[in-house]
Amino acid sequence: MTRLEQIYAEKIAPALKKEFGYTSSMQIPRLSFVSLNMGLGEAGNNNKLIEEAVVELTAISGQKAVITRARKSIAAFKLREGMPVGCRVTLRRMRMWDFLDKLINFALPRVRDFRGVPDRGFDGRGNFTLGIREHTIFPEINVDRVEHVKGMNVTIVTTANSDKEGKMFLDLLGMPFKK
């Protein structure tokens with residue numbers, strides 16, 4: 001059991017049960033999975049860029065990243081069906097808890113001029129998406145070897161039914177929301 005998962009079981013779950021008046025422990029919001037996504041617009045012309053992104057996302061997540069390909073051709077973007085456009089990883093169980101702990105406690109505090117995460121990333125069903133502009137905030141990335149600074153999206157999928165429940169759940173986990 002990871003550190004963050006233990007905190008969830010001992011402190012967060014009982015606090016959520018008391019706050020929202022859940023009658024069953026199955027009603028308490030919990031994490032389903034965490035999805036990481038890097039979209040690389042110029043990857044179609046530069047194969048080295050997509051390979052670099054896969055290696056870096058694999059290092060960040062601890063799990064092999066998968067290349068995503070275009071489903072349709074779009075002439076205006078010079079995009080053909082099947083061309084690589086990014087990479088992604090879906091984390092579950094122990095890797096999910098480890099990544100979230102690393103994101104909250106190590107990576108986000110390293111963001112330049114960090115004043116908190118905006119809470120507008122909720123989707124109405126308790127899931128939260130966070131955009132990161134520089135992937136170099138993660139401790140696994142050696143800044144000297146990075147040729148292109150890339151952004152990424154982190155989607156935290158929960159079993160919460162509303163944004164209020166999801167926000168409180170993530171707030172108790174330690175997500176530094178703006179005040």
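The legends below describe close-up views of a predicted model.

View 1. From the N terminus on, the order of elements is α-β-α-β-β-α-β-β-α. The C-alpha atoms fill a box of roughly 55 × 35 × 30 Å along the principal axes. The chain has 179 residues, and 41% of them count as buried. Its accessible surface is about 10600 Å². Carbon and sulfur atoms contribute 48% of that surface. Among contacts with a separation of 6 or more, 66% link residues 24 or more positions apart.

**View 2. Five strands make an open antiparallel sheet.** The strand order is E2-E3-E1-E5-E4. Strand E2 (66-69) and E4 are the edge strands, and each pairs on one side only. Neighbouring strands are turned by 25° against each other on average, direction ignored. Helix H2 (residues 47-61) packs on this sheet. H2 touches E1, E2, strand E3 (84-91) and E5. The direction of H2 makes about 10° with that of E3.

**View 3. Strand E5 (152-158) sits between E1 and E4 in the sheet order.** Five of the seven residues of E5 are buried, so the strand is largely enclosed by the rest of the structure. Which residue of E5 stands opposite Phe 33? The residue is Val 157. Six bridges join E1 to E5, and the two strands run antiparallel. E4 is also antiparallel to E5, with five bridges joining them. Leu 130 has Val 154 of E5 as its bridge partner. Ile 132 stands opposite Met 152 in E5. In a regular strand, side chains alternate between the two faces of the sheet.

**View 4. Helix H4 (residues 163-173) has buried residues on one face.** The buried residues are Glu 165, Gly 166, Phe 169, Leu 170 and Leu 173. Buried here means under 20% relative accessible area.

View 5. Just after H4 comes Gly 174. Gly 174 takes a positive phi of about 115°.

Methods: Residues are numbered from 1 along each chain as its sequence is written. This is a predicted model: local features need pLDDT of at least 70, side-chain atom pairs count only at pLDDT 80 or more; totals for chains, interfaces and linings use all residues. Side-chain values use heavy atoms; hydrogens and water are left out. Buried means under 20% relative accessible area, exposed over 50%, partly exposed in between (1.4 Å probe, protein chains only). Helices (H or I, at least four residues) and strands (E, at least two) are DSSP runs, numbered from the N terminus. The arc is that of the directions from the helix axis to the C-beta atoms. Contact means heavy atoms within 4.5 Å. Two strands pair if DSSP finds at least two bridges between them. Axes are lines fitted to C-alpha atoms, for helices over the stretch in contact, and angles run from 0 to 180 degrees between N-to-C directions. Accessible areas come from the Shrake-Rupley method with a 1.4 Å probe; for residues, only the protein chains shown count as cover.
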